[in-house]
Amino acid sequence: MDVKSAFLYGTIEEEVYVTQPLGFKDPDHLHKVYKVVKALYGLHQAPRAWYENLANYLLSNGFNRGKIDQTLFIKKQKGDILLVQVYVDDIIFGSTNKELCTGFEKLMKDKFQMSSMAEILKKFNYSDVKSASTLVDLEKPLVKDGDADDVDVYLYRSMIGSLMCLTTSRPNIMFVVCACARFQVTPKTSHLLAVKRIFRYLKGKPTLGLWYSRDSPFELVAYTDSDYAGATLDRKSTTRGCQFLGNMLISWKCKKQTVVATSTTEAEYVAAASCCGQVLWIQNQLLDYGYNFMNTVINIDNNSTICIIENPVQHSKTKHIEIRHHFIRDCNTKKLIQVVKIHTDLNVADLLTKGFDAGRFQYLVSSIGMLNP
């Protein structure tokens with residue numbers, strides 16, 4: 001769930017004053033300022049005020065805070081448990097009883113203006129993917145007259161926005177959606193055709209989704225990979241990573257790196273550091289549930305990257321890599337993680353890295369636990 005105008009709900013305890021904004025000036029008191037009572041966007045106190053408001057509301061409705069992570073709220077009721085994780089204005093919740101989830105959604109909507117991700121994803125649950133078809137098969141022309149590459153920018157962005165929401169439950173389209181999203185400023189006909197092809201794939205696979213089995217082993221494992229200079233415009237590499245609890249995919253990432261890597265090793269090293277950061281966050285979250293997953297295995301298909309991680313010595317080949325990426329060496333030394341070399345064919349993070357032929361693509365999709373019910 002997402003809270004609309006979250007920072008406007010909190011109450012400011014400190015004395016904060018703002019000048020009279022344009023359109024709201026008091027003609028009789030032009031020399032005076034406003035004293036802020038409720039939070040405003042841009043104030044340093046706004047995030048804390050919002051969070052305290054939300055926390056007090058949840059605590060008054062029978063929730064308890066997590067022992068380690070104070071953004072986790074737990075409610076137990078007749079043998080069932082409801083878990084609520086808060087990150088600024090985004091809320092993730094789950095329960096052993098669906099009725100508790102329904103009740104929590106109603107509880108939040110009674111107090112705040114909320115939008116639910118489920119409402120967005122329901123558009124794609126129909127057998128013929130009606131919403132996707134509506135986006136593509138509009139009477140309005142997708143390409144303007146006069147220029148073959150003059151695509152309707154607003155429509156293209158709308159299509160990309162819908163697909164980006166869908167990547168939260170469909171990691172199999174993560175790579176291609178992120179690739180198309182890089183051309184939202186000046187999309188061309190070729191980009192539009194690629195997006196339409198994504199929708200056709202979704203229409204043909206309406207029930208394909210992640211499957212979480214009760215029999216899956218409960219062990220934290222991560223995979224990391226990177227393409228080298230995959231972005232054709234600025235030649236930047238792309239970080240890919242995914243984390244599993246046993247056979248269950250719980251987190252994945254596909255993001256272009258901020259700097260231009262000078263070698264495949266550097267690109268893989270930056271990707272590994274990003275994956276390590278996510279692993280540390282998951283480890284910290286699971287401590288609240290009583291699970292200790294120290295020395296988590298991170299699978300890498302690049303030998304040189306592993307050598308850099310396991311040999312924390314300044315070298316001429318690595319001195320240009322930004323310092324913030326080197327924390328992975330410290331994590332490896334402290335046994336928080338363990339880097340393991342695997343063959344490229346076994347690296348399931350490849351699915352988030354590049355395009356494949358149908359056979360390899362289907363193999364990777366099934367390897368991350370995506371099945372048709």
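# Helix faces, cores and a pocket

Helix α9, residues 303–310, has T305, I306, I308 and I309 as its buried residues. We are looking at a predicted model.

Trainee: Why do the buried residues of α9 line one face of the helix?
Mentor: Start with a general point: an α-helix has 3.6 residues a turn, so residues three or four places apart point the same way. Now take the buried residues of α9, which are T305, I306, I308 and I309. Looking down the axis of α9, they line one face because they fall within an arc of 160°.

Trainee: Let's move to the largest nonpolar core. Which element gives the most residues to this core?
Mentor: This core has 30 residues, and I91, F104 and M108 touch the most other members. Elements giving two or more residues to the core are α1 (46–59), β6 (80–87) and α2 (98–111). The top contributor, with eight residues, is α1.

Trainee: Which residues does I91 touch, leaving out those up to four places away in sequence?
Mentor: I91 is one of the core members that touch the most others, and its contact list includes F104 and M108.

Trainee: Is L107 buried or exposed?
Mentor: L107 sits in helix α2, and it touches Y57, N61 and F63, not counting residues up to four places away in sequence. Its relative accessible area is 18%, and the cut-off for buried is under 20%. So L107 counts as buried.

Trainee: What about R235, is it buried or partly exposed?
Mentor: R235 is in the loop between β10 (220–227) and β11 (238–245). Its phi is positive, about 60°, although it is not a glycine. With a relative accessible area of 44%, R235 is partly exposed.

Trainee: And K335, is it buried or exposed?
Mentor: K335 is also a loop residue, lying between α10 and β14. Its phi is positive too, near 65°, and again this is a residue other than glycine. Exposed means over 50%, and K335 has a relative accessible area of 56%, so K335 is exposed.

Trainee: Now the second largest pocket. Which helix gives the most to its lining?
Mentor: The pocket holds about 510 Å³ of space, and 17 residues line it, with V176, R197, Y201, F356 and F361 nearest its centre. At least two lining residues each come from α6 (174–181), α7 (189–204) and α11 (358–367). With four residues, the one that gives the most is α7.

Trainee: How many residues of that lining are nonpolar?
Mentor: Sort the lining of the second largest pocket by class. Three residues are polar and four are charged. The nonpolar count is ten.

Trainee: Last one, zooming out: what share of the protein chain counts as buried?
Mentor: The chain has eleven helices and 15 strands, and its C-alpha trace spans about 70 × 60 × 50 Å along the principal axes. Of its 373 residues, the share that counts as buried is 42%.

Terms used. Residues are numbered from 1 along each chain as its sequence is written. This is a predicted model: local features need pLDDT of at least 70, side-chain atom pairs count only at pLDDT 80 or more; totals for chains, interfaces and linings use all residues. Side-chain values use heavy atoms; hydrogens and water are left out. On a 1 Å grid over the protein atoms alone, a cavity is a set of points where a 1.4 Å probe fits but cannot get out, and a pocket is an open set with protein on both sides within 12 Å along at least five of seven lines; lining residues have an atom within 4 Å of a point. Grid points are joined across faces, edges and corners, and a volume is the space filled by probe spheres set on the points. Ala, Val, Leu, Ile, Met, Phe, Trp, Tyr, Cys and Pro count as nonpolar, Asp, Glu, Lys and Arg as charged, and the others, Gly among them, as polar. A nonpolar core is a set of buried Ala, Val, Leu, Ile, Met, Phe, Trp, Tyr and Cys residues joined through side-chain atoms within 4.5 Å. Buried means under 20% relative accessible area, exposed over 50%, partly exposed in between (1.4 Å probe, protein chains only). Contact means heavy atoms within 4.5 Å. The arc is that of the directions from the helix axis to the C-beta atoms.
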